[in-house]
Amino acid sequence: MGKYLLVKAKSLILVLLMTIFEGAYAQLSPSPKHEVRAVWLATIGGIDWPRTKAHSPSSIEAQKRELTATLDRLKAANFNTVILQTRIRATVIYPSSIEPWDACLTGHANRSPGYDPLDFAVKECHKRGMQIHAWMVAFPANSLRAAGNLGSRALHRRHPELCMRTDDGWMLNPGVPATANYLASLCREVVERYDVDGINLDYIRYPEQTIHYSDAASYRRYGAGRNKAEWRRDNVTRCVRAIHDAVKAIKPWVILSCSPVGKANDLPRQWSGGWNAYKAVHQDAQQWLKDGLMDMLMPMMYFTAGKHFYPFLLDWQEQSGGRPIAVGLGAYKLSPAEGDWTLRTIEQEIRFSRTIDCGGQTFFRSKYVTDNEKGLYDLLQRDLYRQPALPPPLRTDTADSIQPPAEPQIQTLDNGFRLSWSRAPSQVPVGGILYNVYSSPTYPVDVNDPATLRTTLQDSTHLLIRLMTDKRWLPYYAVTAVNRWGQESKPLPLNSPESQIVSFTTDSLIFPLYNGDIRLRSVDGAFVEVCDETGRAVWTRHAASTLPTASLQPGLYTVKEITRKGRTHILGRYYKKH
């Protein structure tokens, strides 16, 4: 206990120092190579998606476009994980043989939208190199209103033996042993039919004190005189174990996580205020992580940066056993209608989570991120998430058995280059091997340096480089194979040294300033455009003699001028190393 308190004391001192020296501690939280960067994308009531109801071919396409626009925006800010609400309140967003359709898709209960939204979402996330986790709301079931709309399809009508009444509706009763099997069957159905990367359990707990329910009858039947709080915790753990066993028996690489209440328990020197996972709602989440029933936790820590946040996040991390804690952050609290937090609060919490090597962040909800609430999206895209990151690997043991790609080729195109490689062998079904591409001005490429990471979790075996230059001006590229557990192979170099790359060509019309910005020697055009090495315009702005580079990620860029008649001329090329 003495050692435990000493660690806590040291950690709390670190918190205080970081709070005092805000400018300095930003340097203590560099962008890591592996980090969960996730959003909870809520479908209940269409609050994040969908806003358009599907009732015709055109509205189906509009609904799809809404989702792809959100995914594009998240990808542009280097998010790597989407947690899509798949089971809402005993209703789902895919054609299930167990539960009815949710009304969020069509505006009507138990009505098909005319396509499979979960299948569409999985494919679109993977197309962008992003993981997708199916967010399954566990115990809450139909509200009274929803139950009325569903009629005989309501859960309490189909399985009255599994349900108990609450204030405004119904919930699955954790105290009934068959509840565990029912929840496991739902997760099994999703994992069997869809290529999801994870299952995220929400409300895998008893209700909070403000929601009235009675489990007296099930306690009399199954409690066997045990302490009621322990019995309830064991009931929840039984459900977690059943889901774990069902998922891992089918696809052991699927990540199982949950979203526990933000404070695990009272701490030796910090009271939880009576609201914690272990005592208040009977979640033994830290033990689930230790026992391997969970691969990751996403505690809902919607507290301001202070005594309710720092010590309790430290506790989650110290009890994690090395597994990721992707801290749940209250992005919604930035809204004046919800909490009116300052952006600095979220920034402090992200930087602190990195300083103690938590494993990542998960934002509630997606809309507050993509809508740039109080500049949150800008902060992430331009600073904290400026570099891509990979989700933490599910397995950290040796990956020597993963064979790297082979047969590198470089092909000159009219508008750039095509780097390609042969597909690495896979030990799992289709989609089992993906690829990460790295680049650097030095050879060989250091794939352990987060700054060299360029594209993540792509399925294709080629990369298009949209640069009007010759091979001497290409950075060095390398590719690794990565399996479904997140383990990487050794890198395969894609191009060999031909000349040492420098920051500017000799005939360049641009040159660097002492602060890293770009000075233009001569500009005749109306606009200046900066394109990355894939040919994508990073930004276009009115011509000026100086161009700031702070928002640019490390990499090779082409700087062009655009005349008022729309003609373009290359001014030069710039390599940003850091």
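Trainee: What is the mean pLDDT of the protein chain?

Mentor: This is a predicted model, and pLDDT is the predictor's confidence in each residue, from 0 to 100. Of the residues in the protein chain, 87% reach 70 or more. The mean pLDDT of the chain is 88.

Trainee: Over residues 14–28, how many contacts does the model have beyond near neighbours in sequence?

Mentor: Residues 14–28 have a pLDDT below 50. Over residues 499–507 the pLDDT is also below 50, and that stretch has 23 contacts beyond near neighbours in sequence. For residues 14–28, the number of such contacts is 17.

Trainee: Which residues touch the most other members of the largest nonpolar core?

Mentor: In soluble globular proteins, nonpolar side chains tend to be buried together. Here the largest nonpolar core holds 118 residues. The members that touch the most others are F79, I199, L201, I204, F363 and V369.

Trainee: How many residues are in the second, separate core?

Mentor: This core includes F417, I465, L474 and V479. The number of residues in the second core is 16.

Trainee: Leaving aside neighbours within four places in sequence, which residues is F363 in contact with?

Mentor: F363 belongs to the largest nonpolar core. Its contacts, with those neighbours left aside, include F79 and V369, which also belong to that core.

Trainee: Which residue in β16 does L419 stand opposite?

Mentor: Strand β13 covers residues 416–422 and pairs with β16 in the antiparallel sense over four bridges. The residue in β16 that stands opposite L419 is L463.

Trainee: Why does H156 count as buried?

Mentor: H156 lies in helix α6, which spans residues 155–158. Residues up to four places away aside, H156 touches A147, C163 and W170. Buried means under 20% relative accessible area. H156 counts as buried because its relative accessibility is 18%.

Trainee: Is C258 buried or exposed?

Mentor: C104 counts as buried at 3% relative accessibility. For C258 the relative accessibility is 0%, so C258 counts as buried.

How values were computed: Residues numbered from 1 in each chain as written. Predicted model: local features only at pLDDT ≥ 70, side-chain atom pairs only at ≥ 80, totals over all residues. Heavy atoms only, no water. Core = buried A, V, L, I, M, F, W, Y, C linked by side-chain atoms within 4.5 Å. Buried < 20%, exposed > 50% of the residue type's maximum accessible area, 1.4 Å probe, protein only. Contact = heavy atoms within 4.5 Å. Pairing = 2+ DSSP bridges. Helix = DSSP H or I, 4+ residues; strand = E, 2+ residues; numbered from the N terminus.
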